[in-house]
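Good morning, colleagues. Please look at the sequence and the structure on the screen, and I shall then take you through the fold.

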Amino acid sequence: MGVYRFETRTAASPEHAFDLWTNLDRMAEWVGGVTKVTDVSGPVDRAGTTYTVWFGRMKSPTQVLEAARPRLLRTRFGSMILKGENAATFEPDGTGTIIRQEMRTHGLISGLSARIFASGSYKGSFQGELDAFARLAEQEP
């Protein structure tokens, strides 16, 4: 199991950042390769909700494990390339929010894939996507 931690700051409030993070219709705006989200079973801010994230023809079934609006969203996800758990926290910081993300991968292939995505801050890396999210959150009220 690999564990990867990332952090960024946004001028957006925790409430706004959490709302954007849980807006599945907008996920493709900051998560590289996402083409659509389907099969949403309920509110994304509620434990037990499931949905499927698509990366072209590859799908990643996802389940919300824990949600505490506007501070925490923890999910379990899994595709052929990457599977594990993700936790995102939104902590007030003066006039904005510190966003922390922890990714825990399961399995050898996921571990190798995550190592590639965890390296650096290029556009498709975990840090790059988190930074893109922070910029997007700042562009809106």
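Predicted model: local features only at pLDDT ≥ 70, side-chain atom pairs only at ≥ 80, totals over all residues.

**The sheet and the helices packed on it**

Residues are numbered from 1 along each chain as its sequence is written, and side-chain values use heavy atoms, with hydrogens and water left out.

Strand 5, residues 72-78, and strand 6, residues 83-93, are joined in the antiparallel sense by seven bridges. Strands here are DSSP runs of E, at least two residues, and helices are DSSP runs of H or I, at least four residues, numbered from the N terminus. Two strands pair if DSSP finds at least two bridges between them.

Seven strands make an open, antiparallel sheet, in the order 1-7-6-5-4-3-2. At its edges are strand 1 (3-10) and strand 2 (36-38), each of which pairs on one side only. From one strand to the next, the twist averages 25 degrees. Angles run from 0 to 180 degrees between N-to-C directions, and axes are lines fitted to C-alpha atoms, for helices over the stretch in contact.

Towards strand 2, the pairing with strand 3 (residues 50-55) is antiparallel, over three bridges, and Lys36 stands opposite Trp54 in strand 3. Strand 3 in turn pairs with strand 4 over six bridges, again in the antiparallel sense. There, Phe55 stands opposite Met58 of strand 4. Two residues lie between the strands of this hairpin of strand 3 and strand 4, and Gly56 takes a positive phi near 70 degrees.

What covers the buried residues of helix 1? The cover includes strand 4, strand 5, strand 6, strand 7 and helix 3. The buried residues of helix 1 are Pro14, His16, Ala17, Phe18, Leu20 and Trp21, where buried means under 20% relative accessible area, exposed over 50%, and partly exposed in between, with a 1.4 Å probe and protein chains only. Six of its eight residues are buried, so helix 1 is largely enclosed by the rest of the structure.

Helix 3, residues 126-138, lies across strand 1, strand 6 and strand 7, and runs at about 25 degrees to strand 1. Among its buried residues are Phe126, Leu130, Phe133 and Leu136.

How do the two helices meet? Two packed helices are described by the angle between their axes and the distance between the axes. For helix 1 and helix 3, the angle is about 120 degrees and the axes are 10 Å apart. The two helices are therefore oblique to each other; angles under 35 degrees count as roughly parallel, over 145 as roughly antiparallel, 65 to 115 as roughly perpendicular, and the rest as oblique. At this packing, His16, Ala17, Leu20 and Trp21 of helix 1 meet Leu130, Phe133, Leu136 and Ala137 of helix 3, contact meaning heavy atoms within 4.5 Å.

Is Arg26 buried or exposed? Arg26 is buried, with a relative accessible area of 19%. Not counting residues up to four places away in sequence, Arg26 touches Leu20, Leu136 and Glu140.
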